[in-house]
Amino acid sequence: MDQKQRDSGGRTPLYAQVESYVRDQIRSGRWQPGRRLPSENQLCKQFDVSRITIRGAMEKLVEEGVVYRIQGRGSFVADDAAGEPKRYPVGTSATHGDLLPVAVILPRLRGMLTTSLFAGVEQGLAASRYRILLLTTDDDQTREEEKLREAIRAGARGMIVYPAEGRTYSEEMLRLTFDRYPIVVIDRYVRGVKTHCVCSDHFTGAYEATEHLLRLGHRRIAFVTTPYLRTTSLEERMDGFRQALNDYGVVLDRSLVLEQVEPEAISAFLAANADVTALFAVNEGIGQTAIRAAEASGKRVPADLSVVFFDDYDHAEAARIPPTCVAQQGGLIGEQAAARLLSLIADPLQERSMVRIPTRLIVRASTAALAGEGQGAVE
């Protein structure tokens with residue numbers, strides 16, 4: 001665009017000039033349904049404007065159904081009867097100011113972590129035009145596949161997903177990730193599959209919990225978990241546990257790593273390892289089970305067995321034995337995930353990143369110094 005053109009159109013916002021140009025090309029028939037539009041860089045050079053200006057114009061055209069996008073391939077002229085269909089349907093046309101859906105997919109909505117996480121996402125989206133479509137998976141990958149497809153059919157412009165337990169992402173998660181659909185995962189990721197991720201600093205949280213036990217004088221410390229291979233949040237907790245032991249001169253005893261969480265299995269484990277004086281559980285459910293199993297087998301908590309676990313819970317301080325635990329900042333995780341998603345919706349092709357949120361060790365009554373030891377007595 002030369003200077004004369006810019007002067008004559010000076011009263012028209014630049015994004016509106018770009019938008020008008022695209023509409024004119026389509027109305028005149030020069031750009032037929034299914035035709036790929038010039039790239040953002042090409043339009044930037046043609047109109048001598050920033051990419052932000054181009055994106056503003058294209059977003060409005062997409063919302064009105066004039067143009068559709070295929071993530072990673074570009075923008076195309078829309079036509080319900082011709083051309084390539086939208087890979088990700090966006091529902092009915094939206095005018096500026098309409099509320100648009102984004103999906104939040106969680107294993108469940110109960111407990112302190114997921115409820116605070118959901119509240120954080122709501123807070124993070126409050127000032128935007130996006131609102132939440134909440135779906136739950138019961139921590140099942142098959143159900144997760146169904147919910148991912150359901151969100152796409154509902155026109156979700158992006159998703160925040162707390163992945164179901166499994167050795168890898170579901171096929172639908174992988175397809176969306178590779179297609180550059182705006183998606184943010186929370187809590188865990190899969191090694192070798194780059195995703196936008198917001199998660200707790202699991203390693204440091206586990207390190208600090210284990211260090212707390214070590215500073216109380218404990219050396220025979222059990223680690224109780226579900227099978228953790230390739231579940232990165234659990235792997236990182238194991239790594240933090242191992243590193244703390246190493247830094248305090250304690251060699252990890254693999255016989256003290258229990259990957260069974262049934263009460264009977266924990267009771268049998270404690271009976272077979274009478275010299276264990278402390279136990280670290282990877283989540284609140286296992287920690288509570290361990291406390292009950294210990295007491296059922298005649299051990300007093302914390303006099304005979306100190307117990308610490310990941311995840312705080314509502315009214316924990318009022319429990320019969322208020323637990324020492326690693327608290328995750330669910331609200332902050334949710335807010336950061338929402339901010340990341342809004343950024344991705346505006347620019348799906350940006351470099352993938354990981355945000356780690358600090359945890360906090362809350363010391364209560366389920367841990368105590370080993371008999372004859374004091375706080376910090378052994379360094």
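This is a predicted model: local features need pLDDT of at least 70, side-chain atom pairs count only at pLDDT 80 or more; totals for chains, interfaces and linings use all residues.
Local features were taken at pLDDT of at least 70 and side-chain atom pairs counted only at pLDDT 80 or more, whereas totals for chains, interfaces and linings use all residues. Residues are numbered from 1 along each chain as its sequence is written, and side-chain values use heavy atoms, with hydrogens and water left out.

Helices (H or I, at least four residues) and strands (E, at least two) are DSSP runs numbered from the N terminus, and two strands are taken to pair if DSSP finds at least two bridges between them. On these terms, 6 strands form an open sheet with mixed pairing, in the order S9-S8-S10-S11-S12-S14. Its edges are strand S9 (257–258) and strand S14 (360–362), each of which pairs on one side only. Strand S10 (residues 278–281) runs parallel to strand S11 (residues 306–310), the two being paired over 4 bridges. Helix H8 (residues 202–215) packs on this sheet and touches strand S8 (221–224), S10, S11, strand S12 (324–327) and S14, where contact means heavy atoms within 4.5 Å. The direction of H8 makes about 170° with that of S11, with axes fitted as lines to C-alpha atoms, for helices over the stretch in contact, and angles running from 0 to 180 degrees between N-to-C directions.

Side chains of opposite charge can pair when their charged atoms come close. With a salt bridge defined as a side-chain nitrogen of Lys or Arg within 4 Å of a carboxyl oxygen of Asp or Glu, a search of the whole structure finds 19. In one of them, the side chains of Glu-40 and Arg-51 meet at 2.9 Å, N to O. Because Glu-40 lies in helix H3 (residues 40–47) and Arg-51 in helix H4 (residues 51–63), this pair ties together parts that are 11 residues apart in sequence. Glu-40 is partly exposed at 22% relative accessible area, on a scale where buried means under 20%, exposed over 50% and partly exposed in between (1.4 Å probe, protein chains only).

A salt bridge also joins Asp-138 and Arg-143, whose closest N and O atoms are 3.6 Å apart; Asp-138 is exposed at 54%, while Arg-143 is partly exposed at 28%. In the salt bridge of Asp-239 with Arg-242, the closest N and O atoms are 2.9 Å apart, and these residues, 3 apart in helix H9 (residues 232–247), are separated by about one helical turn. Salt bridges that share partners join Glu-145, Arg-149, Glu-172, Arg-175 and Asp-179 into one network.
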